[in-house]
There are 2 protein chains.
Amino acid sequence: MTSTNASAQQIAEDYARAWMGGDVEKALGFIAEDVVCDAPAGRIEGLPAYRRFLEGFLPKLTGSSITKILGDDTSAAVVYTTDTTFARDFRAMDYLTLEDGRITYVLTVFDRLPVAQAARPAAG
Amino acid sequence: MTSTNASAQQIAEDYARAWMGGDVEKALGFIAEDVVCDAPAGRIEGLPAYRRFLEGFLPKLTGSSITKILGDDTSAAVVYTTDTTFARDFRAMDYLTLEDGRITYVLTVFDRLPVAQAARPAAG
């Protein structure tokens, strides 16, 4: 059991800084075993699947910046931009809910259209 | 000059409920003349352009639900889903910053890919 007095906002920030810094193990330390993540491409369930999601994305990350983190006792929103191998200044927001100091739910919202356009040669 | 003691979180909620209810005039009453909005398709500047943006979107809205609103003194995040004529359970987040009780900056994040796919006949 994790016992912590850290706020959802602080945990969200520590989590975001960890994955933005490429530290997968530290980032996953904030994630619950039974995490559910709703990403644009679909739902990801459980820590092993979330690990694969994070490990798949991080090699594409070339830079990142936190715009704002807002939170209350049990949830937080992380507003951020990333630079990736396929898009620069890529805006995204995560909404996180927490239980017992761990992140149990992640809603990630970003625009997949630039990614799809970068992957597809210009179609007439 | 607007003088208000309402929190950014409350103003964000009142604004979101107004546009979700289709009340453009009430929604625009929370927006500053010199508003800047970063939307997936690009930047929108000024209240007249923001009015056109909202008036263009609202006829496509068939339903909506607020998941969560988080805020501090000067900013708020609105996590929500909409049902539209082109996609159901369409997840989005807005990050708003406020000055003197008015919304001066709106960052809207959502995934345009379902929209693009709905607009384009299945390409082989």
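Q: What area is buried between chain A and chain B, and what share do carbon and sulfur atoms give?

A: The size of an interface is often given as the accessible area lost when the parts come together. Here, about 2,200 Å² is buried between chain A and chain B, with 68% from carbon and sulfur atoms. Buried area is the accessible area (1.4 Å probe) that two parts lose on being put together, summed over both. A:Leu70, A:Arg91 and A:Met93 supply 29% of what chain A buries against chain B, more than any other three residues.

This is a predicted model: local features need pLDDT of at least 70, side-chain atom pairs count only at pLDDT 80 or more, and totals for chains, interfaces and linings use all residues. Residues are numbered from 1 along each chain as its sequence is written, chains are lettered from A in the order in which they are written, and side-chain values use heavy atoms, without hydrogens and water.

Q: How many salt bridges are there between chain A and chain B?

A: A salt bridge puts a side-chain nitrogen of Lys or Arg within 4 Å of a carboxyl oxygen of Asp or Glu. The count is four. One of them pairs B:Asp111 with A:Arg112, with the closest N and O atoms 2.6 Å apart.
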